[in-house]
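Here are my notes on the model, as numbered points. Have the structure open while you go through them.

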Amino acid sequence: MSNINALKNQAAKFVVKGNYAKALGIYEKVRELDPEEPGTHNLIGDVYLKMRQKENAISEFKAALDLYKKVQYYPNAIAVCKKILRTDKEQTEIYNDLAGLYVERGFIGEAVINYLEYASRMRKQGEKKEEIEAYRKVIELGPSKIDIRERLVDLYIAEGENEAAIEELERIEELLIQQGKQDKLPGIEEKLAVLKIKGSKLSLSEKKMETGGEKELTVQKGFTIEDMMVGSVGVEEKIEEDAIEEGLKKMDSTGEEVTLESEMEKIQETSIISEAEPVTVENLPPPDKSELQSAPTQWTNFEELAELCLSVNSKNEAVDYLYKAGQIYMEENNYARAVRIYKRIIDIRPIELRPRQKLIEISLKTEDLESAVEWNLDIGRCLFKKGAFNEAEKAFGRALELTSGKDEIRRRIEKIKGKRRVVKKEEVKAPSISLGELLEEEEKKTVKFTVAEEREVAEPVTFEDLLEEFKEGVLENIEDIDFNSHYDLGITYKEMGLLEEAVLEFEKASKGEEIKLKSLEMLALCLIEKGEINEAEKIIKGAILLKSHKEIEFLGLKYSLAQIYERINRNKEAALLFREIIKYDPEFKDADVKLKELEGRISKQKVVHEKKIEPKKRVSKKPSQDIKVKKMKKEVSKEKVRIKRKKKISYI
Amino acid sequence: MSLINYASREINCKIVYYGPGLGGKTTNIKYIYSKISPGIRGKLISLATELDRTLFFDFLPVDVGNIKGFKTRFHLYTVPGQVYYNASRKLILKGVDGIIFVADSQIERFDDNIDSVENMKENLAVIGLSIIKLPFVIQYNKRDLPNISSLDKLESILNPMKVPYFEAVATQGIGVFDTLKACSKLVIRTLSR
């Protein structure tokens with residue numbers, strides 16, 4: 001084991017130095033020694049990513065994923081799934097894996113979203129059975145989701161599974177009644193009737209074949225077949241027409257194409273999330289946790305969901321829902337309920353600052369000064385516990401400002417401070433503004449200000465964390481096909497010297513035909529800056545071959561290539577490129593200066609080269625004699641000059 | 001230092017909005033985004049933490065036309081204001097072509113403004129730059145609030161170099177474009193030399 005650790009450390013050092021090939025070799029040895037260790041596959045995948053070998057990276061990540069699943073280490077498995085999708089969003093089966101893992105972890109909302117994504121992708125691939133399976137899983141997680149059930153009905157019909165479709169429709173009927181949505185019943189009943197007619201027609205034909213005669217058959221609810229046929233023939237034709245034209249695969253019951261985006265829109269429409277809030281996995285309310293009889297009929301009942309999460313000990317999720325519920329009550333000015341929610345959060349997280357800030361805000365809004373003072377004192381205590389003494393002082397100061405009974409409050413503050421013996425008494429500032437001003441100011445600052453301070457005192461993050469968080473955010477907000485934004489991001493990263501990130505962004509941008517060339521130019525520059533000369537050379541050579549561009553557009557690339565050649569002493573090739581550049585633009589950067597320097601270097605190299613060939617000649621005596629003669633001639637000429645000077649002097 | 005792409009004949013200039021936390025840097029950039037034509041701007045990348053503070057940086061690319069045959073784009077950035085994000089601020093300042101300092105006019109933020117200016121100078125020095133040599137403009141934001149420092153006081157402390165300054169109410173867009181225009185002109189002048 002110690003050997004493995006030593007090898008891993010060694011490999012990690014090579015990774016830091018950018019020597020990925022060596023790192024890979026060592027990690028592969030580690031993998032041979034312990035093939036069942038998922039972490040090693042993960043590390044190898046990372047190295048492949050750095051080497052821009054995506055396929056190999058994904059293969060390793062998948063191996064890691066399988067092993068993590070095998071040992072039921074779900075958090076890591078989820079992380080690996082996300083990494084795979086970050087590397088390649090088209091790894092469709094991973095959405096299914098991820099959903100399953102979220103189920104294992106009890107994150108139902110995330111599970112549903114990933115199943116829906118998987119279903120959407122399966123539909124695009126024409127894999128109806130897989131699509132059906134995914135929707136079935138969604139329904140298992142959220143049985144009251146009527147829209148998903150309706151979609152399943154359409155799929156069953158398309159697949160000719162009428163019995164299953166009828167079963168679903170009957171379940172939808174029950175749910176509509178339970179949810180008090182009787183107005184939607186006729187549509188479902190009509191569909192149900194059509195399907196039953198189809199079944200009946202089949203039975204009738206069978207009977208006809210058996211008996212050879214025609215009998216009047218009745219179906220449920222006392223209708224005759226003829227009655228039903230007259231009344232529903234249009235609907236039936238429409239369904240068949242749809243089935244033919246659309247294959248019933250692209251349309252949901254409303255006739256809209258079903259995509260993850262459209263799903264999210266629907267969810268957003270029915271939820272209480274404010275318009276300003278972007279739809280993300282985080283703010284999407286998940287469906288029911290399990291098959292609860294009293295399950296909320298929409299995904300918006302955050303309070304119930306929070307309690308549900310608490311019942312399965314998912315505290316973090318519960319708190320998230322409570323904050324959402326609190327925010328909604330605040331927006332509705334329903335302060336009594338908001339207070340209840342924030343107090344509930346404090347029960348769960350006893351020293352959390354944010355709910356206290358909210359409570360202060362509510363107290364001020366409702367002019368409940370007593371509560372405002374108490375909550376300021378309370379937040380001061382929490383800040384003390386967190387070691388944020390200056391911030392605690394400010395909170396106590398605010399409490400002092402808000403009360404006329406300063407002595408009592410001051411005594412209480414001193415008592416708290418006495419326990420810590422950290423903050424000096426005189427640091428507590430006397431109030432300088434009136435209560436009215438303070439209230440006005442609080443209003444203006446909004447919740448954002450007060451809440452924001454929590455992070456400042458409680459959880460500063462490292463730059464690496466920040467960058468990762470930022471990248472995650474970018475990934476969620478910028479689609480892969482938004483090539484221009486990826487290009488812009490590449491520029492920002494490059495300017496900051498974050499070359500690894502810049503490379504990834506320019507790679508994405510270069511997939512956009514319109515900006516391919518300029519992206520490749522920047523990509524090459526980044527690679528040169530990173531010292532990955534061979535890779536840069538490949539990129540530039542490929543870019544220069546791109547068609548439908550004018551020669552002038554390649555000058556930057558050629559200049560970079562010339563610099564590469566210059567760096568690796570391929571001076572003639574470099575000079576050739578500089579000449580080409582100057583031919584089109586004589587003032588392009590410092591190409592002319594570079595060319596002169598190179599030509600000088602090339603001619604010196606020539607001389608050296610010739611001298612290297614000369615040694616055999618030196619063996620003969622003639623050259624040495626020549627040198628002697630030359631020396632003598634020089635001396636003679638010098639002598640002549642001296643004589644001339646003397647003569648001149650004498651003339652004067 | 002402007003970044004040039006020869007394939008597209010494009011110059012990218014970097015203007016950074018600097019200043020204390022919650023001073024209105026992001027508000028400036030968001031207002032600009034909301035008012036300029038989508039045809040000449042890129043996507044606004046503005047990610048906030050769950051506490052609604054700038055996550056790493058805000059970014060908005062804006063096309064400003066041709067200069068010497070090169071399509072010129074201004075990349076507008078904001079830095080995160082919180083004290084402990086100094087590493088990010090240093091990175092964002094790399095390659096900067098112009099700085100807009102957004103000061104918070106509120107009396108209680110006066111010291112924060114001074115700290116932020118000092119921090120900016122220190123960070124520039126680390127990357128071998130000086131505010132004296134850079135296009136630099138100051139914006140005194142939140143002028144609509146009741147508890148603000150006087151302009152004279154702000155000027156005397158924050159603007160000893162007497163660079164162009166503007167009073168602003170970024171939430172209403174007042175002074176936002178004036179500030180940007182002034183800085184842009186200085187950057188273009190430097191670029192044209």
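1. Is R121(A) buried or exposed? R121(A) is buried, at a relative accessible area of 14%; buried here means under 20% relative accessible area, exposed over 50%, and partly exposed in between (1.4 Å probe, protein chains only).

2. A word on ground rules before going on. This is a predicted model, where local features need pLDDT of at least 70 and side-chain atom pairs count only at pLDDT 80 or more, while totals for chains, interfaces and linings use all residues. Residues are numbered from 1 along each chain as its sequence is written, chains are lettered from A and ligands numbered from 1 in the order in which they are written, and side-chain values use heavy atoms, with hydrogens and water left out.

3. Chain A first. It has 31 helices and zero strands, where helices (H or I, at least four residues) and strands (E, at least two) are DSSP runs, numbered from the N terminus. Of its 652 residues, 45% are buried. Take the contacts (heavy atoms within 4.5 Å) between residues at least 6 apart in sequence: in chain A, 50% of them join residues at least 24 apart. The accessible surface of chain A is about 36,100 Å², with 51% belonging to carbon and sulfur atoms; accessible areas come from the Shrake-Rupley method with a 1.4 Å probe, and for residues only the protein chains shown count as cover.

4. Now chain B. Here you get five helices and eight strands, in the order β-β-α-β-β-β-α-β-α-β-α-β-α along the sequence. Chain B has 193 residues, and 59% of them count as buried. For contacts with a separation of 6 or more, residues 24 or more positions apart account for 69% in chain B.

5. R121(A) and E90(A) meet through their side chains in a salt bridge, 3.2 Å from N to O; the term covers a side-chain nitrogen of Lys or Arg within 4 Å of a carboxyl oxygen of Asp or Glu. The two are 31 residues apart and link distant parts of the chain, with R121(A) in helix 7 (residues 108–124) and E90(A) in the loop between helix 5 (74–87) and helix 6 (92–105) of chain A. E90(A) is exposed, at 55% relative accessible area, whereas R121(A) is buried. Over all chains, the whole structure has 42 salt bridges.

6. Two more pairs to click on. K494(A) and E529(A) form a salt bridge with their closest N and O atoms 3.0 Å apart. That pair also links distant parts of the chain: K494(A) sits in helix 23 (residues 483–496) and E529(A) in helix 25 (residues 516–530) of chain A, 35 residues apart. K494(A) is buried at 11% relative accessibility, and E529(A) is partly exposed at 47%. K541(A) pairs with E537(A), closest N and O atoms 2.9 Å apart, but both lie in helix 26 (residues 533–544) of chain A, four residues apart, or about one turn of the helix. K541(A) is partly exposed at 38%; E537(A) is buried at 10%.

7. There's a network of salt bridges as well: R52(A), E500(A), E507(A), K530(A) and E532(A) are linked in it.

8. E505(A) lies in helix 24 (residues 499–509) of chain A. Its side chain does make a polar contact of 2.6 Å with that of H486(A), meaning a pair of N or O atoms within 3.5 Å where, within protein, one must be able to donate a hydrogen and the other to accept it, and residues adjacent in sequence count only if both atoms are side-chain atoms. Leaving out residues up to four places away in sequence, E505(A) touches H486(A), L489(A), G490(A) and Y493(A).

9. In chain B, look at L151(B), in helix 4 (residues 151–158). Its C-alpha atom is 8.5 Å from that of E167(B), 16 residues apart along the chain. Beyond neighbours within four places in sequence, L151(B) is in contact with Y140(B), R143(B), Y165(B) and E167(B).

10. Cysteines, to finish. Over all chains there are zero disulfides, a disulfide being a pair of cysteine sulfur atoms within 2.5 Å. C526(A) is buried at 0% relative accessibility, and C183(B) is buried at 0%.
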